Each structure stands twice: as C-alpha cells, then as structure tokens.
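Reader: I'd like to go through this one label by label. Can you take me from the values to the words?

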Amino acid sequence: MRWTAWLVAGSAALIVIALLYTLVMFVIGSWRAPRRENTDDLFFVLLVPCLNEEIVIGRTIQRLLEQRRRNLAVLVIDDGSDDATASIVEAFPRDRVWLLRRSLPDARKGKGEALNAGFRHLCQSDLLRGWPSHRVIVGVLDADGRLDAHALDEVARCFGDHRTGGVQIGVRMYNRDGGLLARMQDIEFASIGRLFQRGRDKLGSAGLGGNGQFTRL
C-alpha cells in the first residue's frame, strides 16, 4: 500500500501548491498597476479570423471602426468561407478594412493557422508602409467580438511603456443574462481570470487568450 500513500501525499502537495499559487496571484493581482500616459503614435491592426461569419461580421467591423483611434485598420482573414463573408467585408472602405482570402487546401486548418497567415501578410505586404514594426500593435478578436469604447485607449497606455510586448484585455460575455453556462463563463472571465492577469502583470508577463490579445508586430 506504500504507493497509495505516496499517491495521496503527492495529490495533497499538488493541491496545496495550487492553492498557494492562487492565493499569491490573488494578493499581487489586487494591486492596481500605475496608469501610463496615452500614446497617439501607435497604429492598431485588428485581426479578425472568419469562417462563414456572414451573420455577425458586418456589425463587428462597423463597431470596430467606431473606435476612437485615428490610426486603425481591420484585417479580416477569410479562412475559406463559402457564404457571403468576403462580399460583406469588401463593401467597407478598403483603406481601413483589409481582406485576406485563404483558399483550400491551405484554409480551414484552425484559428492559429489563419492568424499566422495574417501576421505574415502584414509583414510581407506594403499595407504598413512607413510604420516601424514596434509602433504597430496587432490585436486579435473573434468575429462576433465587441470592444469597449475605451479599450484601445487603455491598451495604448500599456504600450506606452516600450518594454511591453503583449497585453490581454478583460473578456466578458455579452449574452451572460441568456443562461447559466454563459453566466458561469462570464464569472470566470470577470473574477478568476482578471485576478490572475493582474498577478501576471506584476510578474512581468501576460496570458494571451487569442481573443482580446494585443502584441507588438
């Protein structure tokens, strides 16, 4: 039975470590980071990967263009859609809304592949001509994502520190009143996730979640 005792002891140790880690992150995460000065000399590119998102993509782009940032563009990555996603995107002004169309067999290999294609496109094309890469901030949003009106201003303050390489904003569920599952997910994002991110900030790191994340190009 000795192995059973070791198993119990090991499990107990892991639980204690997890609880201590949570407690430490809670304590240091409750400290607010100092606010930084606003910066206007950043160019934001918002990557929006899409696969058959004709129902939501138009409203999403419109809301993003309403952000109060002068230097802002939206790059929609159409990952092989066979609905009207691409045509809806092409109806927007092309100086602010860019479309990258991916076709099979390269398309439909997952969100990560689509985002990597978007990053390569930004680096290899002339879309950002004249902008040094360290002044370009690339954000990632889901096709049905919504940004708070002040979100990019807050992100810009963080990138006002030249040492900052990545920022993860808070994520909430806008349909949290629609059912228990959405409500529980919203509680997770709003409480545990937020505290852990603040704790990571104090440690000089951030957990990037693939939705609401921002990095220097």
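Reader: Why is Asn52 called partly exposed?

Author: Quick note: this is a predicted model. Asn52 has a relative accessibility of 32%. Buried means under 20% and exposed means over 50%, so at 32% Asn52 counts as partly exposed. Asn52 is found in the loop between β1 and α2, and its phi is positive, about 55°, although it is not a glycine.

Reader: And what makes Arg108 partly exposed?

Author: Its relative accessible area is 40%. With the cut-offs at 20% and 50%, Arg108 therefore gets the label partly exposed. Arg108 is a residue other than glycine with a positive phi, near 60°. You'll find Arg108 in the loop between β3 and α4.

Reader: Which peptide bond is cis, and what is its omega?

Author: The one from Leu104 to Pro105, with omega near 10°. Pro105 sits in the loop between β3 (97-102) and α4 (111-124).

Reader: Which residues of α4 are buried, and why are they said to be on the same side?

Author: Ala114, Leu115, Ala117, Gly118 and Leu122 are buried in α4. They cover an arc of only 155° around the axis, so they lie on the same side of α4. On the other side, Cys123 and Gln124 are exposed. As for the cover over the buried residues of α4, it includes β1, β2, β3 and β4 (136-140).

Reader: What makes a set of residues a nonpolar core, and how many residues has the largest one here?

Author: The members must be buried residues of the nonpolar kinds, joined through side-chain atoms within 4.5 Å. The largest such core has 27 residues, and Phe44, Leu46, Val48, Ile61 and Phe214 have the most contacts inside it. At least two residues of this core come from each of β1 (43-50), α2 (57-65), β2 (72-79) and α5 (151-159). α5 gives the most, with 5 residues.

Reader: What does Leu46 touch?

Author: Setting aside residues up to four places away in sequence, its contacts include Leu64, Leu72, Val74, Gly139, Leu152 and Phe214. Apart from this core lies another, of 16 residues, among them Leu75, Leu100, Ala117 and Leu128.

Note on methods:
Residues are numbered from 1 along each chain as its sequence is written. This is a predicted model: local features need pLDDT of at least 70, side-chain atom pairs count only at pLDDT 80 or more; totals for chains, interfaces and linings use all residues. Side-chain values use heavy atoms; hydrogens and water are left out. Buried means under 20% relative accessible area, exposed over 50%, partly exposed in between (1.4 Å probe, protein chains only). Helices (H or I, at least four residues) and strands (E, at least two) are DSSP runs, numbered from the N terminus. Contact means heavy atoms within 4.5 Å. The arc is that of the directions from the helix axis to the C-beta atoms.
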